[in-house]
Amino acid sequence: MSCTVSMTVNGKTVSREVEERTLLVTFLREHLGLTGTHVGCDTSQCGACVVHVDGRSVKSCTTLAVQANGTAVTTIEGLAAADGTLHPMQAAFREHHGLQCGFCTPGMVMSAVDLVRENPNPTEAEIREGLEGNICRCTGYHNIVKAVKAGADAMAGAQATPVAAE
Amino acid sequence: MYAFTYQRPTTLADAATAIQAEEAKLLGGGQTLLPTLKQRLARPTDLIDLGAIPELKGIRETDGGLEIGAFTRHAEVAHSDLVKRVIPALASLAEGIGDRQVRNMGTMGGSIANADPSADYPSAVVALKGTVTTDRRSIAGDDFFTGMFETALEPGEIVKSVRFARPDKAAYAKFRNPASRYAIVGVFVAKFGAEVRVAVTGAAGSVFRATAFETALAADFRAEALNGLSVEADGLNADIHASADYRAHLVAVMAKRAVEAAG
(Lines give C-alpha, C1' and ligand atoms only; values in the text may rest on other atoms or scores of the structure.)
Protein backbone atom coordinates (compact mmCIF):
# COMPACT_ATOMS: atom_id res chain seq x y z
CA MET A 1 0.00 0.00 0.00
CA SER A 2 2.09 2.84 -1.26
CA CYS A 3 1.36 6.10 -2.96
CA THR A 4 3.17 8.95 -4.67
CA VAL A 5 3.70 12.07 -2.60
CA SER A 6 4.78 15.33 -4.20
CA MET A 7 5.46 18.62 -2.50
CA THR A 8 7.83 21.55 -2.46
CA VAL A 9 10.43 21.25 0.28
CA ASN A 10 12.62 24.28 0.90
CA GLY A 11 11.83 25.52 -2.59
CA LYS A 12 12.57 22.29 -4.41
CA THR A 13 9.92 20.05 -5.90
CA VAL A 14 10.21 16.51 -4.60
CA SER A 15 8.26 13.39 -5.40
CA ARG A 16 8.63 9.97 -3.77
CA GLU A 17 6.81 6.68 -3.59
CA VAL A 18 6.02 6.07 0.09
CA GLU A 19 3.87 3.87 2.26
CA GLU A 20 0.63 5.65 3.10
CA ARG A 21 1.34 5.49 6.83
CA THR A 22 4.60 7.44 6.40
CA LEU A 23 4.72 10.44 8.71
CA LEU A 24 5.87 13.75 7.30
CA VAL A 25 8.87 13.73 9.63
CA THR A 26 9.89 10.29 8.38
CA PHE A 27 9.49 11.50 4.81
CA LEU A 28 11.74 14.49 5.49
CA ARG A 29 14.40 12.64 7.47
CA GLU A 30 14.56 9.24 5.85
CA HIS A 31 13.37 9.79 2.31
CA LEU A 32 14.87 13.24 1.73
CA GLY A 33 17.77 13.06 4.19
CA LEU A 34 16.78 16.32 5.89
CA THR A 35 17.73 15.34 9.42
CA GLY A 36 17.54 18.83 10.90
CA THR A 37 13.91 18.10 11.81
CA HIS A 38 14.12 16.05 14.99
CA VAL A 39 11.98 13.40 16.65
CA GLY A 40 12.06 13.99 20.38
CA CYS A 41 9.08 11.95 21.52
CA ASP A 42 6.59 9.43 20.21
CA THR A 43 3.60 11.15 21.68
CA SER A 44 3.18 14.41 19.70
CA GLN A 45 4.12 16.54 22.69
CA CYS A 46 7.68 17.84 22.34
CA GLY A 47 7.66 19.98 19.19
CA ALA A 48 11.21 19.07 18.07
CA CYS A 49 9.69 18.10 14.71
CA VAL A 50 7.95 21.40 13.94
CA VAL A 51 8.09 22.46 10.27
CA HIS A 52 6.03 24.89 8.22
CA VAL A 53 3.38 23.57 5.86
CA ASP A 54 2.16 26.37 3.62
CA GLY A 55 3.67 28.81 6.10
CA ARG A 56 1.99 27.45 9.25
CA SER A 57 3.85 25.55 11.94
CA VAL A 58 2.77 21.94 12.42
CA LYS A 59 4.16 18.88 14.14
CA SER A 60 5.58 16.80 11.31
CA CYS A 61 5.37 13.72 13.56
CA THR A 62 1.60 14.20 13.72
CA THR A 63 1.04 14.80 10.02
CA LEU A 64 1.05 12.15 7.34
CA ALA A 65 3.29 12.81 4.37
CA VAL A 66 0.23 12.31 2.14
CA GLN A 67 -1.64 15.03 4.05
CA ALA A 68 1.13 17.41 2.93
CA ASN A 69 0.77 16.33 -0.70
CA GLY A 70 0.83 19.42 -2.93
CA THR A 71 1.91 21.80 -0.18
CA ALA A 72 5.04 23.90 0.32
CA VAL A 73 7.07 22.68 3.29
CA THR A 74 9.87 24.59 4.97
CA THR A 75 12.26 22.85 7.35
CA ILE A 76 15.06 24.27 9.46
CA GLU A 77 17.41 23.62 6.51
CA GLY A 78 15.34 26.01 4.42
CA LEU A 79 15.49 29.02 6.72
CA ALA A 80 19.00 30.31 6.08
CA ALA A 81 19.82 32.23 2.87
CA ALA A 82 21.42 30.39 -0.02
CA ASP A 83 24.81 31.91 0.87
CA GLY A 84 24.58 30.48 4.38
CA THR A 85 23.57 33.71 6.10
CA LEU A 86 21.47 32.67 9.05
CA HIS A 87 17.83 33.67 9.29
CA PRO A 88 17.48 36.48 11.87
CA MET A 89 15.79 34.05 14.27
CA GLN A 90 18.62 31.55 13.94
CA ALA A 91 21.16 34.33 14.46
CA ALA A 92 19.27 35.49 17.56
CA PHE A 93 19.32 31.98 19.05
CA ARG A 94 23.09 31.88 18.55
CA GLU A 95 23.64 35.39 19.85
CA HIS A 96 21.51 34.94 22.98
CA HIS A 97 22.53 31.37 23.70
CA GLY A 98 18.98 30.17 23.12
CA LEU A 99 20.08 26.57 23.23
CA GLN A 100 21.87 24.18 25.50
CA CYS A 101 22.10 20.70 23.98
CA GLY A 102 20.42 22.00 20.83
CA PHE A 103 18.12 19.06 20.23
CA CYS A 104 14.89 21.07 20.54
CA THR A 105 16.31 24.07 18.67
CA PRO A 106 15.05 23.34 15.14
CA GLY A 107 11.49 23.05 16.42
CA MET A 108 11.87 26.10 18.66
CA VAL A 109 13.14 28.21 15.76
CA MET A 110 10.40 27.05 13.38
CA SER A 111 7.70 27.73 15.98
CA ALA A 112 9.22 31.12 16.76
CA VAL A 113 9.27 32.18 13.11
CA ASP A 114 5.60 31.22 12.76
CA LEU A 115 4.76 33.07 15.98
CA VAL A 116 6.46 36.26 14.80
CA ARG A 117 4.80 36.02 11.38
CA GLU A 118 1.47 36.32 13.16
CA ASN A 119 2.57 38.65 15.94
CA PRO A 120 5.59 40.75 14.88
CA ASN A 121 6.11 42.27 18.31
CA PRO A 122 5.28 39.62 20.91
CA THR A 123 5.51 40.23 24.64
CA GLU A 124 7.37 37.79 26.84
CA ALA A 125 4.06 36.24 27.89
CA GLU A 126 3.01 35.86 24.27
CA ILE A 127 6.32 34.22 23.41
CA ARG A 128 5.95 31.75 26.26
CA GLU A 129 2.37 31.01 25.20
CA GLY A 130 3.47 30.69 21.57
CA LEU A 131 6.14 28.13 22.46
CA GLU A 132 3.81 25.92 24.50
CA GLY A 133 4.08 23.19 21.90
CA ASN A 134 7.86 23.02 22.26
CA ILE A 135 9.64 21.35 25.14
CA CYS A 136 13.29 21.99 26.04
CA ARG A 137 14.50 19.05 28.09
CA CYS A 138 17.47 21.13 29.28
CA THR A 139 14.90 23.63 30.58
CA GLY A 140 16.73 26.45 28.85
CA TYR A 141 13.59 28.49 28.32
CA HIS A 142 14.85 31.77 29.70
CA ASN A 143 17.33 32.42 26.94
CA ILE A 144 15.06 30.92 24.32
CA VAL A 145 12.47 33.55 25.18
CA LYS A 146 15.12 36.29 25.00
CA ALA A 147 16.31 34.93 21.67
CA VAL A 148 12.79 34.92 20.23
CA LYS A 149 12.25 38.52 21.34
CA ALA A 150 15.55 39.55 19.75
CA GLY A 151 14.77 37.52 16.66
CA ALA A 152 11.38 39.22 16.37
CA ASP A 153 13.03 42.62 16.61
CA ALA A 154 15.59 41.63 14.00
CA MET A 155 12.89 40.28 11.68
CA ALA A 156 11.08 43.60 12.02
CA GLY A 157 14.28 45.35 11.04
CA ALA A 158 14.47 47.06 14.38
CA GLN A 159 17.62 47.05 16.41
CA ALA A 160 17.72 44.11 18.77
CA THR A 161 17.18 45.18 22.35
CA PRO A 162 20.33 44.81 24.42
CA VAL A 163 20.04 41.90 26.80
CA ALA A 164 22.15 41.80 29.92
CA ALA A 165 23.24 38.97 32.17
CA GLU A 166 22.69 35.86 30.13
CA MET B 1 1.58 2.60 13.02
CA TYR B 2 -0.18 -0.26 11.26
CA ALA B 3 -0.62 0.01 7.52
CA PHE B 4 -3.86 1.42 6.10
CA THR B 5 -5.25 2.64 2.82
CA TYR B 6 -5.46 6.42 2.53
CA GLN B 7 -8.31 8.06 0.66
CA ARG B 8 -8.90 11.75 0.02
CA PRO B 9 -12.39 12.20 -1.42
CA THR B 10 -13.36 15.58 -2.84
CA THR B 11 -17.10 15.36 -2.20
CA LEU B 12 -19.14 14.53 0.87
CA ALA B 13 -20.97 11.83 -1.08
CA ASP B 14 -17.70 10.10 -1.93
CA ALA B 15 -16.59 10.33 1.70
CA ALA B 16 -19.90 8.83 2.84
CA THR B 17 -19.32 5.90 0.49
CA ALA B 18 -15.69 5.44 1.52
CA ILE B 19 -16.46 5.40 5.25
CA GLN B 20 -18.76 2.40 4.74
CA ALA B 21 -15.66 0.20 4.42
CA GLU B 22 -15.26 -2.02 7.45
CA GLU B 23 -12.94 -0.48 10.04
CA ALA B 24 -12.57 2.76 8.09
CA LYS B 25 -11.89 5.94 10.08
CA LEU B 26 -12.44 9.59 9.22
CA LEU B 27 -9.37 11.83 9.40
CA GLY B 28 -9.81 15.49 10.33
CA GLY B 29 -6.68 17.29 11.42
CA GLY B 30 -5.39 14.09 12.97
CA GLN B 31 -4.17 15.61 16.21
CA THR B 32 -5.83 12.88 18.26
CA LEU B 33 -6.16 10.13 15.68
CA LEU B 34 -2.54 10.11 14.48
CA PRO B 35 -1.05 9.91 18.00
CA THR B 36 -3.53 7.06 18.64
CA LEU B 37 -2.36 5.26 15.52
CA LYS B 38 1.29 5.85 16.40
CA GLN B 39 0.69 4.08 19.69
CA ARG B 40 -1.02 1.25 17.80
CA LEU B 41 -4.15 1.77 19.86
CA ALA B 42 -6.30 1.60 16.73
CA ARG B 43 -5.99 -0.32 13.51
CA PRO B 44 -8.21 1.15 10.81
CA THR B 45 -8.13 -0.44 7.37
CA ASP B 46 -8.83 2.88 5.66
CA LEU B 47 -8.28 6.50 6.57
CA ILE B 48 -10.71 8.86 4.86
CA ASP B 49 -9.13 12.33 4.85
CA LEU B 50 -11.87 14.99 4.90
CA GLY B 51 -9.46 17.81 4.05
CA ALA B 52 -10.29 18.15 0.35
CA ILE B 53 -14.07 18.54 0.66
CA PRO B 54 -15.13 22.17 0.10
CA GLU B 55 -18.58 21.60 1.68
CA LEU B 56 -16.94 21.03 5.05
CA LYS B 57 -15.04 24.30 5.13
CA GLY B 58 -15.74 27.91 5.92
CA ILE B 59 -17.32 30.18 8.51
CA ARG B 60 -20.63 31.86 7.67
CA GLU B 61 -22.82 34.33 9.51
CA THR B 62 -26.39 33.09 9.86
CA ASP B 63 -29.60 34.80 10.99
CA GLY B 64 -29.04 33.88 14.59
CA GLY B 65 -25.28 33.44 14.82
CA LEU B 66 -22.60 31.44 13.04
CA GLU B 67 -22.25 28.27 11.03
CA ILE B 68 -18.78 26.74 11.04
CA GLY B 69 -17.76 23.95 8.67
CA ALA B 70 -16.55 20.74 10.30
CA PHE B 71 -13.15 20.95 8.61
CA THR B 72 -12.38 24.38 10.04
CA ARG B 73 -9.15 24.40 11.96
CA HIS B 74 -8.96 25.79 15.48
CA ALA B 75 -6.56 28.53 14.36
CA GLU B 76 -9.05 29.66 11.69
CA VAL B 77 -11.80 30.00 14.29
CA ALA B 78 -9.44 31.79 16.67
CA HIS B 79 -8.31 34.32 14.06
CA SER B 80 -11.57 34.82 12.16
CA ASP B 81 -12.73 38.44 12.22
CA LEU B 82 -16.27 37.18 11.75
CA VAL B 83 -16.11 34.91 14.81
CA LYS B 84 -14.42 37.64 16.84
CA ARG B 85 -17.24 40.02 15.94
CA VAL B 86 -20.24 37.71 16.34
CA ILE B 87 -19.16 35.36 19.17
CA PRO B 88 -15.81 36.54 20.54
CA ALA B 89 -15.95 33.96 23.34
CA LEU B 90 -15.80 31.20 20.74
CA ALA B 91 -12.69 32.69 19.12
CA SER B 92 -11.12 33.00 22.54
CA LEU B 93 -11.91 29.37 23.38
CA ALA B 94 -10.34 28.22 20.09
CA GLU B 95 -7.19 30.23 20.81
CA GLY B 96 -6.78 28.27 24.05
CA ILE B 97 -6.98 24.77 22.56
CA GLY B 98 -3.77 22.74 22.78
CA ASP B 99 -0.76 24.57 21.36
CA ARG B 100 -0.14 26.55 18.16
CA GLN B 101 0.74 23.48 16.15
CA VAL B 102 -2.34 21.58 17.30
CA ARG B 103 -4.50 24.62 16.47
CA ASN B 104 -2.99 24.81 13.00
CA MET B 105 -4.12 21.25 12.23
CA GLY B 106 -6.99 20.25 14.51
CA THR B 107 -10.57 20.74 13.32
CA MET B 108 -13.87 21.53 15.02
CA GLY B 109 -15.60 18.49 13.54
CA GLY B 110 -12.79 16.23 14.67
CA SER B 111 -12.91 17.60 18.19
CA ILE B 112 -16.64 17.19 18.70
CA ALA B 113 -16.85 13.80 16.97
CA ASN B 114 -14.06 12.53 19.22
CA ALA B 115 -15.89 13.90 22.29
CA ASP B 116 -12.91 13.84 24.61
CA PRO B 117 -14.28 14.56 28.10
CA SER B 118 -11.64 17.28 28.52
CA ALA B 119 -12.02 18.93 25.11
CA ASP B 120 -13.00 22.59 24.97
CA TYR B 121 -15.44 22.77 22.04
CA PRO B 122 -18.18 20.56 23.55
CA SER B 123 -18.86 23.26 26.16
CA ALA B 124 -19.43 25.83 23.40
CA VAL B 125 -21.68 23.50 21.41
CA VAL B 126 -23.92 23.04 24.45
CA ALA B 127 -23.79 26.58 25.91
CA LEU B 128 -24.29 28.33 22.56
CA LYS B 129 -27.40 26.28 21.67
CA GLY B 130 -25.39 24.48 19.03
CA THR B 131 -26.84 22.39 16.27
CA VAL B 132 -24.67 19.76 14.65
CA THR B 133 -25.50 19.15 11.00
CA THR B 134 -24.37 15.84 9.53
CA ASP B 135 -24.66 14.30 6.09
CA ARG B 136 -27.91 12.73 7.35
CA ARG B 137 -29.65 15.08 9.80
CA SER B 138 -29.43 17.84 12.39
CA ILE B 139 -28.68 17.02 16.02
CA ALA B 140 -29.27 19.48 18.87
CA GLY B 141 -26.10 20.25 20.80
CA ASP B 142 -27.87 19.19 24.00
CA ASP B 143 -28.35 15.70 22.54
CA PHE B 144 -25.03 15.33 20.73
CA PHE B 145 -22.64 14.33 23.53
CA THR B 146 -23.84 11.09 25.09
CA GLY B 147 -20.85 9.95 27.16
CA MET B 148 -17.10 9.66 27.42
CA PHE B 149 -15.85 9.64 23.80
CA GLU B 150 -19.45 8.92 22.76
CA THR B 151 -21.80 10.97 20.63
CA ALA B 152 -25.17 10.60 18.95
CA LEU B 153 -23.39 10.02 15.63
CA GLU B 154 -24.20 6.73 13.96
CA PRO B 155 -21.47 4.60 12.38
CA GLY B 156 -20.26 6.32 9.22
CA GLU B 157 -22.18 9.53 9.88
CA ILE B 158 -20.13 12.63 8.97
CA VAL B 159 -20.34 15.99 10.72
CA LYS B 160 -20.82 18.75 8.13
CA SER B 161 -21.04 21.87 10.24
CA VAL B 162 -21.96 23.29 13.61
CA ARG B 163 -24.33 26.22 14.12
CA PHE B 164 -23.91 28.44 17.15
CA ALA B 165 -26.46 30.95 18.41
CA ARG B 166 -25.20 34.45 19.06
CA PRO B 167 -25.39 35.23 22.77
CA ASP B 168 -25.79 38.67 24.34
CA LYS B 169 -22.84 37.88 26.57
CA ALA B 170 -20.58 34.89 26.85
CA ALA B 171 -17.19 33.72 28.08
CA TYR B 172 -15.26 30.53 28.56
CA ALA B 173 -13.02 30.03 31.58
CA LYS B 174 -10.69 27.07 31.72
CA PHE B 175 -8.49 25.60 34.40
CA ARG B 176 -6.11 23.70 32.22
CA ASN B 177 -3.70 20.91 32.73
CA PRO B 178 -0.36 22.70 32.31
CA ALA B 179 1.20 19.78 30.43
CA SER B 180 -1.57 18.71 28.06
CA ARG B 181 -3.45 22.03 28.06
CA TYR B 182 -6.70 20.06 28.11
CA ALA B 183 -9.36 21.36 30.48
CA ILE B 184 -9.24 19.94 33.98
CA VAL B 185 -12.42 21.99 34.21
CA GLY B 186 -13.76 24.40 31.61
CA VAL B 187 -16.98 26.38 31.97
CA PHE B 188 -18.76 28.17 29.14
CA VAL B 189 -21.36 30.71 30.26
CA ALA B 190 -23.71 32.25 27.71
CA LYS B 191 -26.56 34.71 28.25
CA PHE B 192 -29.45 34.93 25.79
CA GLY B 193 -31.92 37.53 27.01
CA ALA B 194 -33.39 36.15 30.23
CA GLU B 195 -31.94 32.69 29.61
CA VAL B 196 -28.47 31.67 30.80
CA ARG B 197 -26.63 28.49 29.84
CA VAL B 198 -23.69 27.09 31.79
CA ALA B 199 -21.88 24.15 30.16
CA VAL B 200 -19.11 22.32 31.97
CA THR B 201 -16.38 20.27 30.30
CA GLY B 202 -13.48 18.34 31.80
CA ALA B 203 -15.25 17.65 35.07
CA ALA B 204 -17.30 14.58 34.14
CA GLY B 205 -17.35 11.87 31.48
CA SER B 206 -19.10 14.22 29.15
CA VAL B 207 -20.07 17.89 28.98
CA PHE B 208 -23.05 18.78 31.20
CA ARG B 209 -25.13 21.82 32.12
CA ALA B 210 -24.98 23.23 35.64
CA THR B 211 -28.68 23.98 35.89
CA ALA B 212 -28.62 25.44 39.41
CA PHE B 213 -26.01 27.92 38.22
CA GLU B 214 -28.15 28.76 35.21
CA THR B 215 -31.18 29.54 37.38
CA ALA B 216 -29.15 31.73 39.72
CA LEU B 217 -27.51 33.63 36.86
CA ALA B 218 -30.81 34.09 35.03
CA ALA B 219 -32.08 35.95 38.10
CA ASP B 220 -28.87 37.89 38.67
CA PHE B 221 -26.06 37.77 36.10
CA ARG B 222 -23.20 38.47 38.47
CA ALA B 223 -20.48 36.19 39.84
CA GLU B 224 -21.81 36.84 43.36
CA ALA B 225 -25.06 35.15 42.38
CA LEU B 226 -23.14 31.86 42.44
CA ASN B 227 -21.98 32.27 46.04
CA GLY B 228 -22.82 29.16 48.02
CA LEU B 229 -23.69 27.11 44.95
CA SER B 230 -21.72 24.04 43.95
CA VAL B 231 -22.05 20.94 41.83
CA GLU B 232 -22.18 17.47 43.32
CA ALA B 233 -18.72 15.82 43.35
CA ASP B 234 -20.25 12.37 43.10
CA GLY B 235 -19.62 10.97 39.65
CA LEU B 236 -17.10 13.60 38.58
CA ASN B 237 -13.74 12.57 37.13
CA ALA B 238 -10.93 11.80 39.55
CA ASP B 239 -7.38 11.18 38.38
CA ILE B 240 -3.78 12.09 39.22
CA HIS B 241 -4.45 15.68 38.15
CA ALA B 242 -7.49 16.47 40.26
CA SER B 243 -9.87 14.72 42.64
CA ALA B 244 -13.62 14.81 42.13
CA ASP B 245 -14.00 17.22 45.06
CA TYR B 246 -11.40 19.55 43.57
CA ARG B 247 -13.09 19.44 40.20
CA ALA B 248 -16.44 20.24 41.82
CA HIS B 249 -14.82 23.23 43.50
CA LEU B 250 -13.24 24.34 40.23
CA VAL B 251 -16.59 24.29 38.42
CA ALA B 252 -17.89 27.06 40.67
CA VAL B 253 -14.64 29.02 40.46
CA MET B 254 -14.46 28.80 36.68
CA ALA B 255 -18.16 29.66 36.34
CA LYS B 256 -17.59 32.83 38.36
CA ARG B 257 -14.57 33.75 36.26
CA ALA B 258 -16.56 33.20 33.10
CA VAL B 259 -19.39 35.42 34.33
CA GLU B 260 -16.90 38.15 35.23
CA ALA B 261 -15.19 37.84 31.85
CA ALA B 262 -18.55 37.99 30.06
CA GLY B 263 -19.18 41.34 31.75
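Predicted model: local features only at pLDDT ≥ 70, side-chain atom pairs only at ≥ 80, totals over all residues.
Analyst: Happy to! Residues are numbered from 1 along each chain as its sequence is written, and chains are lettered from A and ligands numbered from 1 in the order in which they are written.

User: At roughly what angle do the axes of H2 and H3 of chain A cross?
Analyst: Roughly 130°, with the axes of H2 (residues 88-95) and H3 (residues 105-118) of chain A coming within 10 Å. Axes are lines fitted to C-alpha atoms, for helices over the stretch in contact, and angles run from 0 to 180 degrees between N-to-C directions. Helices (H or I, at least four residues) and strands (E, at least two) are DSSP runs, numbered from the N terminus.

User: And which residues of H2(A) and H3(A) meet?
Analyst: Met89(A), Gln90(A) and Phe93(A) from H2(A) meet Thr105(A), Val109(A), Ala112(A) and Val113(A) from H3(A). Contact here means C-beta atoms, placed from the backbone, within 7 Å.

User: What about H2(A) against H5(A), at what angle do they pack?
Analyst: About 140°, with the axes of H2(A) and H5(A) (residues 141-155) 8 Å apart. That makes this pair oblique. On the H2(A) side the contact includes Pro88(A) and Ala92(A), and on the H5(A) side Ala147(A) and Gly151(A) are among the residues.

User: Switching topic: how many residues of chain A are in contact with chain B?
Analyst: There are 24 from chain A, in contact with 19 of chain B. S4(A) gives the largest share of chain A's side, four residues.

User: Now chain B. Which way do S1(B) and S3(B) run, parallel or antiparallel?
Analyst: Parallel: three bridges join S1(B) (residues 5-7) to S3(B) (residues 46-49). Strands pair if DSSP finds at least two bridges between them. Gln7(B) stands opposite Ile48(B) in S3(B).

User: How many bridges are there between S2(B) and S3(B)?
Analyst: Four, again in the parallel sense, with S2(B) covering residues 24-27. Lys25(B) stands opposite Leu47(B) of S3(B).

How values were computed. Contact = placed C-beta atoms within 7 Å. Parallel < 35°, antiparallel > 145°, perpendicular 65-115°, else oblique.
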